[in-house]
Amino acid sequence: MKPNSGTLVINIMNGGKAEAYEGVYQCTARNERGAAISNNIVIRPSRSPLWTKEKLEPNQVREGDSLVLHCRPPVGLPPPIIFWMDNAFQRLPQSERVSQGLNGDLYFSNVQPEDTREDYICYARFNHTQTIQQKQPISVKVFSTKPVTERQPILLTPTGSTSTKVELRGNVLLLECIAAGLPTPVIRWIKEGGELPVNRTFFENFKKTLKIIDVSEADSGNYKCIARNMLGSVHHVISVTVKAAPYWITAPRNLVLSPGEDGTLICRANGNPKPNISWFANGVPIAIAPEDPSRKVDGDTIIFSHVQERSSAVYQCNASNEYGYLLANAFVNVLAEPPRVLTPANKLYQVIADSPALLDCAYFGSPKPEIEWFKGVKGSILRGNEYVFHDNGTLEIPVAQKDSTGTYTCVARNELGKVQNEVRLEVKDPTMIIKQPEYKVIQRYGQVSFECIIKHDSTLLPTVIWLKDNDELPDDERFLVGKDNLTIMNVTDKDDGTYTCIVNTTLDSVSASAVLTVVAAPPTPAIIYARPNPPFDLELTGQLERSVELSWIPGDENNSPIKNFVIEYEDGLHEPGVWHYQTEVPGTQTTVQLKLSPYVNYSFRVIAVNEIGRSQPSEPSEQYLTKSANPDENPSNVQGIGSEPDNLVITWESLKGFQSNGPGLQYKVSWRQKDVDDEWTSVIVANVSKYIVSGTPTFVPYEIKVQALNDLGYAPEPSEVIGHSGEDLPMVAPGNVQVHVINSTLAKVHWDPVPLKTVRGHLQGYKVYYWKVQSLSRRSRRHVEKKILTFRGNKTFGMLPGLEPYSSYKLNVRVVNGKGEGPASPDKVFKTPEGVPSSPSFLKITNPTLDSLTLEWGSPTHPNGVLTSYILKFQPINNTHELGPLVEIRIPANESSLILKNLNYSTRYKFYFNAQTSVGSGSQITEEAVTIMDEAMASRQIDIATQGWFIGLMCAVALLILILLIVCFIRRNKGGKYPVKEKEDAHADPEIQPMKEDDGTFGEYSDAEDHKPLKKGSRTPSDRTVKKEDSDDSLVDYGEGVNGQFNEDGSFIGQYSGKKEKEPAEGNESSEAPSPVNAMNSFV
């Protein structure tokens, strides 16, 4: 046993046999307060026995017949992984016709001539010992007979028509059916009397294997596999029983009690069969443990009453059945401790004004102390909404102000005493940038300055940092950083960008940015600048294996000094015609020593660069071929990522041609499982960039390295990288899913994270599926549209926005890895509270009379709750669009129409209508309507149009107009001018111009608001007002909305459309000046 530890170390590296330590171990930890015991730990040595020697006869099979090649691997611990390969270590291809069973045998539904071979080899891999055992090769020879007889399906495994299977809860259930037949049968699975579980059912081995993960008691039942081809079918029923080892419902939890207090330990477990519960005290069965009068055992519960300090002990609960057991320790610690404050005294807290402040008061005591806070040593106790008191003793000031500065006292007290502790809070002024940098436009080679003047708390020390494009300033002496500014000297085009001033203190940080735009300086006409001419006369000297000297003569600078020369190379051996960057040197240098790589046929060229740009490349130099050598480097970007649950795909970026340093480039790929004492497995592959390792465990880490080699030798030893074998779908659904409804459209969902070992891959996050089941106000179901929200990483909560009020929802949560989604948690039902309704679907106003209107409406499309009532508001509108007094009426929710009485006749009303729930009023819908005019007045107006004197007057006016038009036409033809026409032009009299000058028709009248055309049969707009347009003498101006039309006999017909919206001042007289028509009507 390790010193000062409970760890037991068994070391057989220096001798001894593992079998000597086989057995069951249990650890006991004991002190004066009690004894705790561990679960049983079983130690068994791993075994990887050799294959039993047997004489294998060649298999001669007729084409179309079935065949089973038995593997019969040796029994190992743990059991081996079985796979079939050939002599070239290549996996034998499998299909619906040829596949490997769960027992490792290779099944042929029907054999074909291409199945003839002598190297069917079964391998058994023992992962724990990292050994692979090989069975002797099996020979198969297929002989043909014509014709090949087709056969209906028969089952190769399992045999018979029924079988049974027992599986434990939480495990993976694997059921297998492999059939023979020609043509090859197709397998289908069903569950009798039920459905296969969604999201937990998978089909493997070409649907010959049914896989159900995380099985529960509900998965018990009869599963039928059906094999079918065109000649018939056969089926087999497997009766599955799901048993369960004990699992916790409520595990016992530690109790800390004070003398005289009561408490309980609860130990509840379930299983199939039902587990037995037994209690132990300090590792001894409670029946024979020392008596404790405060303790009473009641099945799965221990009840403690009026405990004393001697009642302290460690209790163990054991729940067991034939499939396993659970053991949990829980201590009962009876303490009488006065309060202690664990937070250091006079601790200083500093915050910025208007931000939260958290003052700690960590405490301990038994009974649990009560915590109170005071400001100052003798201040009053702190209460109210401006403070938040946390269960751990912390005082939170959500919005700290300057006057919050001071000393705060925390007092912890219980019945054994009290203790207090003081902490100090300082509230600082926030840091501000009072003059920010501004946008600047500067000419090239000019000077620019950005200001950043700050204001900060006098007790805080600020630091100012300048960034360019969110990166550090260039390391250039042209950039001068002052106390409150940044100055850039001799500005160039590269200085163009965004400059940011960042001010940091120990408590806060602020920043401000500005953009600098660099423009070209005005050109000088006397000087013409251009790119330099290309260099020439390139010469190679001092040729060595890894270096050469290159020299050249510069071309003309073209009035802009050459800043630097760029040297490029071409590899004529590996990439002819492709030029690569080699190096660059200052413009004053015309020779350079170049480093070379082995096995490259070099050519060089030089490019000159000035402020204007780059020259054309020079002519290439002579070629120089370097000697071969070992590779200098290994492949980069080595990765190990599995594409299937049982493989590891190792990839890398191959070396480029010149990096090979010689012919015959290959790679040595090595791997071993991480954290397992194992030797490296290596293979040498051709010049490729991928290698697949098969038969790996699911999602385990591997150490990987890839080394380059060529005909001359190996590259240096490569570095190791960590990869993972393939992922598989997660096995477990998130548990303890809880939903907290925040308001009618928002909810928060919580869940417990799944154990990482069940993720079986890289945890990418969790997906929440949620959907509306029904609206609680209508109780009508609709098409379910599931919504999905993804929460990245190991997050255990999320918000669900956009919910519909007063509705029932369901949700479930699934864990996601790189392979896909795991099983869904059980559906969680939650309901949203009521909200305000939408506006009523419609509002129609019909059946207008002199003093009433009928209103009809439709209920809101989205009631969002239980409607309590409708609110109707209305008010009159006069002819100047002024609104009258507002009347409000509350209408029961079950009504859909209302007759509104006692209204003013010929009056326009505006209505506002909305629905209400218990939460409040929804949005309103508006409408306007008009009551009809007085029927008596309408009849009087109709009588005017039928009077003889009125018809004669109208005929006289029409005749006069006709005579005037004829005379005017004659005078115009004679070339003279009608004298009266001059007077008409000079003094236009509307009494003598009843027609429009353009077409001789009466003027049309439009709505004063939107100028829409009048409806057929009416010249009056909807607001009962008339607008003059082209003709000033229209008869409409003298009446109240007369339809000014003539019949063929010249008589004037019309009907008053009703009174104006404005009420008359007295009686039925109009408030406006009387028209001639009304005046004539009064003399009748």
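Strands β65 and β66 form a hairpin with 2 residues between them. Strands here, like helices, are DSSP runs numbered from the N terminus (E, at least two residues, for strands; H or I, at least four, for helices). The model is predicted, so local features need pLDDT of at least 70 and side-chain atom pairs count only at pLDDT 80 or more, while totals for chains, interfaces and linings use all residues. Residues are numbered from 1 along each chain as its sequence is written, and side-chain values use heavy atoms, with hydrogens and water left out.

**Strand pairing**

- Two strands are said to pair if DSSP finds at least two bridges between them.
- An open sheet is formed by 3 strands in the order β6-β9-β8, with antiparallel pairing. Its edge strands are β6 (67-69) and β8 (98-100), each of which pairs on one side only. From one strand to the next, the twist averages 15°; the axes behind such angles are lines fitted to C-alpha atoms (for helices, over the stretch in contact), and angles run from 0 to 180 degrees between N-to-C directions.
- Strand β8 is joined to β9 (residues 106-108) by 3 bridges, and the two run antiparallel. Ser99 has Tyr107 in β9 opposite it.

**Strand β77 and its neighbours**

- Strand β77 spans residues 908-916 and is mostly covered, with 8 of its 9 residues buried. Buried means under 20% relative accessible area, exposed means over 50%, and partly exposed lies in between (1.4 Å probe, protein chains only).
- Strand β74 (residues 869-877) is joined to β77 by 9 bridges in an antiparallel arrangement, and Leu872 stands opposite Phe913 in β77.
- Strand β78 (residues 925-930) also runs antiparallel to β77, and 6 bridges join them. Here Tyr912 has Thr926 in β78 as its bridge partner.
- In a regular strand, side chains alternate between the two faces of the sheet.

**Two buried residues**

- Thr500 lies in strand β48 (residues 497-504). Thr500 counts as buried because its relative accessibility is 6%.
- The side chain of Thr500 makes a polar contact with the side chain of Ser513 at 2.8 Å. A polar contact is a pair of N or O atoms within 3.5 Å; within protein, one must be able to donate a hydrogen and the other to accept it, and residues adjacent in sequence count only if both atoms are side-chain atoms.
- Leaving aside residues up to four places away in sequence, Thr500 touches Ile465, Trp466, Leu467, Asn470, Ser511, Ala512 and Ser513. Contact means heavy atoms within 4.5 Å.
- Leu460 is found in the loop between β43 (453-455) and β44 (463-468). Leu460 counts as buried because its relative accessibility is 7%.
- Not counting residues up to four places away in sequence, Leu460 touches Ile352, Lys428, Thr505, Thr506 and Leu507. The C-alpha atoms of Leu460 and Asn504 are separated by 9.7 Å, although these residues are 44 residues apart along the chain.

**Backbone features in loops**

- The peptide bond from Leu77 to Pro78 is cis, with omega near -5°. Pro78 is placed in the loop between β6 and β7 (81-85).
- A cis peptide bond also runs from Thr157 to Pro158, with omega near -5°. Pro158 sits in the loop between β13 (151-157) and β14 (162-168).
- His306, in the loop between β28 (301-304) and β29 (313-321), has phi near 50°, a positive value in a residue other than glycine. His306 counts as exposed because its relative accessible area is 56%.
- Asn559 has a positive phi, near 70°, and is not glycine; it lies in the loop between β51 (547-553) and β52 (564-571).

**The largest pocket**

- About 1400 Å³ of space lies in the largest pocket. A volume is the space filled by probe spheres set on the grid points, which are joined across faces, edges and corners.
- On a 1 Å grid over the protein atoms alone, a pocket is an open set of points with protein on both sides within 12 Å along at least five of seven lines, whereas a cavity is a set where a 1.4 Å probe fits but cannot get out; lining residues have an atom within 4 Å of a point.
- The lining comprises 38 residues, of which Ile81, Gln100, Leu102, Glu204 and Asp646 lie nearest the centre of the pocket.
- At least two lining residues come from each of β7, β15 (173-176), β18 (201-204), β19 (209-212) and β61 (690-694). Strand β7 gives the most, with 4 residues.
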